[in-house]
Amino acid sequence: MRYDVILYKNENDSVGTLIHSSYPNLPKLHTATLTQGMNVVDSGEFSMGINSPGYNLLTPMRTLIKVFKDNTLIFHGRVIKSITTMDSSGLMMQTFDVNSVEDYLHDSCQVQQKISSCTVAQYFQAIVSQHNSQVEDYKKFNVGSVTVTDSSGSADRYLDYEDTFDAITNRLIDVYGGYITVDYDTMTINYLASVGSKSTTPLRIGFNMKSAQKTVDPTSVVTRLIPTGADNSNDSSASTDTSSLTTDKQPTTAKTTLANQGYVDNQALIDEFGIVVGTQNFDGVTDTATLQQKAKNWLGSQSAAKESWEISVSNLHLIDKTIDDFKVGNQYQFINDFVAPTEWLQVVELDLDLVTPINSTIKIGDTNLNLSAYLQQKVKQTQSLQKKISLLNQVASLQAKTISKQASQLSTLRDNYSNLSSNYDQLSQTVQNIIDNNDVWISGQKFIDTSDNNGSMSVSDFATLYNSGVKGIIVKATEGTTYTNEDAASHLANANSAGIKTVGAYHFLKGTSSGTAQGQYFLAEIQALGLSKTAIVACDIEDSSLSSDVAALNSMIADFYKVLTDAGYTNTADYAPASWFGSRFTSAAKYKWIASIGTNAKPAGADAWQYTWTYNGGTLDCSYSYNKAFL
């Protein structure tokens, strides 16, 4: 999946400037996140370095930003504000916030008017037309589909002096429901009764769900209501609160109330939450019987709790196009019985990371649950958990029978699993740890190789590389039996501090000494560096001093690797130009790291492909990883 971000200095700039692309060797933003939602203004946060082609081109409220995903326009908006900073290391950065074109609706104001005998569609058209009459051409919208209706059909409808976006929200969405969408390519605004579709891709633990949080908040529930009705006409408006010690005596007016205990209970709510007292006024009610009935109805219809979700996911669509992408408005089936029963959830907000697209966070709209739904969910979740525990018991029973047929051992295992319900908190934490560490390996990630030719490199240098997509580093350690790379230790330490993983180290093979001697020299250095025995240990086979006899060179390389494997370093890798493999030596290492500069495709059989010596416009080697051993 490819993301491109284009900056337009103002509405008259028809060409634009590319400031970010997922393609190698094109400009990169340091950070770039988009938040897309339903019935809101989409927003984004971006940052770029001083070398970015968009640096210092920003004019708040005039500069426009477009974001394309695989050449499809997914965001069109304007820069709201920008901040230029320099950190303690001297790194210059420019950060800026953007809002989508829906934000233009805040630039106009409705006027007070009556729109006689109009449908919802005509009402919406009148609001948009009023907006268009006040703003510049590039801020104007075309009205597209309107599928929201109301039962009254045509009716008199009204507008007041108010922000256009607020008018649409307060007078349309809050009253009739529905969703506002905009086609960015044509600036067409729609008002739809429904959006999105049901996805065939579930949200499932162990698949694409990294973490899940469901919050059920019953703190606003009232279980005992003290109702009041109309003002009591027998009360004197001149009466004052004589009990107060303050000088400002407040006039009080008696209201219609219930006799005797003065309140109404919802016993089912009390049984669930205890006594929580609240008040509610019912204007116009003058008799206690009506007041009592309205109070009971109010208690019965209130929400018992508010439910909200936040789910962190891995967007597997990036590596498998048969898996659905995440889109605002679509519904996805949530499958994680340890958090909640299986159900369909609609995405109302999506956070996209354009620099690291695999990471996404989705949010589900708040849902008000009545008492019946609240209690039903509790029962379903208990049943789901019991079902999981029952399944674990069955698995344990089968395992126990396989291991031993002795009844006493089987009974002990069953007793252990029957205690799972009392240890649910521990089990839930274990599952959460699995979710938190559910990293997804992606073929084709980038790693660099460095030597003293690259000189001193700071943590800031490596942080810039990390933000450009570099995730691993392999360092040159030795050459022949006399050369040691003095920068190797600092390169590894600073790269790791910036979040770049150590891939391994390599030795430059010379024809001036034996393979065994060079292997021993390399081994001593990587041990001094503290290199893990699971790291890549590579032999750079390309020097002109090496034997042109295939058998002799094969023997020398074998002697070199034997020193390493005897010491426990078994992840050996041959590095050489593509033309050397097979013609100059026969690869006997575990992995092949093939250099093929200027070609457009991965070399056949490559576990890693060094594709450039000038990464990001500098003098830096960069490779793609096609095996987990490299990255």
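# Briefing on a predicted protein model

The model is predicted. Its protein chain contains eleven helices and 32 strands.

- In general, strands of a sheet pair through backbone hydrogen bonds, in either a parallel or an antiparallel manner.

**Aromatic residues**

- The count of aromatic pairs in the structure comes to 16.
- One of these pairs is formed by Tyr-591 and Phe-630; the arrangement is edge-to-face, with 6.0 Å centre to centre and 75° between the planes.
- This pair links distant parts of the chain, since Tyr-591 belongs to strand S30 (residues 591–595), while Phe-630 lies in the segment after strand S32 (621–625), 39 residues apart.
- Both Tyr-591 and Phe-630 are buried.
- Tyr-591 and Phe-630 also belong to one aromatic cluster, together with Phe-447, Tyr-506, Tyr-575 and Trp-593.

**Charges over aromatic rings**

- Arg-2 places its charged end over the ring of Tyr-23, at 3.9 Å from the ring's centre.
- Arg-584 lies over the face of Trp-580, and the distance to the ring centre is 4.0 Å.

**Cysteines**

- The structure contains zero disulfides.
- A disulfide is, in general, a covalent bond between the sulfur atoms of two cysteines.
- Cys-118 has a relative accessibility of 2% and therefore counts as buried, the cut-off for that class being under 20%.
- Cys-622 is likewise buried, with a relative accessible area of 0%.

**The chain as a whole**

- The protein chain has 631 residues, of which 42% count as buried.
- Among contacts in the protein chain with a separation of 6 or more, 67% are between residues 24 or more positions apart.

Definitions and conventions. Residues are numbered from 1 along each chain as its sequence is written. This is a predicted model: local features need pLDDT of at least 70, side-chain atom pairs count only at pLDDT 80 or more; totals for chains, interfaces and linings use all residues. Side-chain values use heavy atoms; hydrogens and water are left out. A disulfide is a pair of cysteine sulfur atoms within 2.5 Å. Buried means under 20% relative accessible area, exposed over 50%, partly exposed in between (1.4 Å probe, protein chains only). Rings of Phe, Tyr and Trp (its six-membered ring) pair if their centres lie within 6.5 Å; planes under 30 degrees apart count as stacked, over 60 as edge-to-face and the rest as tilted. Helices (H or I, at least four residues) and strands (E, at least two) are DSSP runs, numbered from the N terminus. A charge sits over a ring if NZ of Lys or CZ of Arg is within 6 Å of the ring centre and within 35 degrees of the ring normal. Contact means heavy atoms within 4.5 Å.
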